[in-house]
Amino acid sequence: MPSLKGQLLIAAPGLVDPNFAQAVVFMVQHNREGAMGLIINRATETPLAEVWEQFSEEPTKLELLLHSGGPCEGPLMVLHTHRPLADLHVTGPLHFSSSEDHVRSLVSEGVTPAKYIVGYAGWGPGQLEYEMKENAWLVAPATVELVLQSTEGLWQTLLENFALPLRPAGLDAAIVPEDPSVN
């Protein structure tokens, strides 16, 4: 299977695992050793400024909400377009940072657009490939706008815009049950 790094995984309507139901995952890494992605459509109610107080005495002027990136615990991570502070180039202008120095600089410089995330989605060797064969995920290209600026309604929008060829003509995604066995 080709690498899904830099792509969006859209949870199929039948994916009922509460960690991933209606999730949109931006894939940061994908190789033989496994995969790592960040759920990008789950904003929390926690302002970044509130969390930032635990990291720095210097307050931030960024008025952004923290996002929940998945069920695995991890450091504060940032998706952004500011190459000099990137730990990893993902695709196009999109970069990933999790090192303390880079995250501190991104916050103190007020870099936007950016999405600040805690937690991640991780897959062991072959696990994501198995889920793909089971049709748990749809794949769509990532853009800066989708990754960094969208949250509310993103799953529904992507399902409608990118997954149309995968659904029967005329099927309204809003009425597709989360568990297809109820049909």
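Guide: Let us begin with a term: two strands pair if DSSP finds at least two bridges between them. Keep in mind as we go that this is a predicted model.

What holds strands of a sheet side by side? In general, they pair through backbone hydrogen bonds, and the pairing is either parallel or antiparallel.

Now step in to one pair. Strand β5 covers residues 65-68 and pairs with β9 in the parallel sense, over 2 bridges. Which residue of β9 is the bridge partner of His67? The partner is Ile117.

The loop between α1, residues 48-52, and β5 holds Glu63. Is Glu63 buried or exposed? Its relative accessibility is 78%, and because exposed means over 50%, Glu63 counts as exposed. The C-alpha atom of Glu63 is separated by 7.0 Å from that of Leu48, although the two residues are 15 apart along the chain.

On the β9 side, the loop to find is the one between α2, residues 100-108, and β9, residues 114-118. Pro113 has its place in this loop. The peptide bond that joins Thr112 and Pro113 is cis, with omega at about 0°.

Next, turn to another set of paired strands, with β1 as our guide. Strand β1 pairs with β11 in the antiparallel sense over 5 bridges, and with β2, also antiparallel, over 3 bridges. Leu9 shows both pairings: its bridge partner in β11 is Val139, and its bridge partner in β2 is Val25. β1 is mostly covered, with 4 of its 5 residues buried.

Two loops beside these strands are worth a stop for their backbone angles. Gln22 lies in the loop between β1, residues 7-11, and β2, residues 24-31. Its phi is near 60°, a positive value in a residue other than glycine. With 34% relative accessibility, Gln22 counts as partly exposed. Asn135 lies in the loop between α3, residues 127-133, and β11, residues 137-141. Asn135 is not a glycine either, yet its phi is positive, at about 60°. Its relative accessibility is 59%, so Asn135 counts as exposed.

Finally, step back to the whole protein chain. It contains 5 helices and 11 strands. Of its 183 residues, 42% count as buried. Among contacts between residues at least 6 apart in sequence, 64% join residues at least 24 apart. The accessible surface comes to about 9,700 Å², and carbon and sulfur atoms account for 51% of that surface.

Conventions: Residues numbered from 1 in each chain as written. Predicted model: local features only at pLDDT ≥ 70, side-chain atom pairs only at ≥ 80, totals over all residues. Heavy atoms only, no water. Buried < 20%, exposed > 50% of the residue type's maximum accessible area, 1.4 Å probe, protein only. Contact = heavy atoms within 4.5 Å. Areas by Shrake-Rupley, 256 points an atom, 1.4 Å probe, with all protein chains shown as cover.
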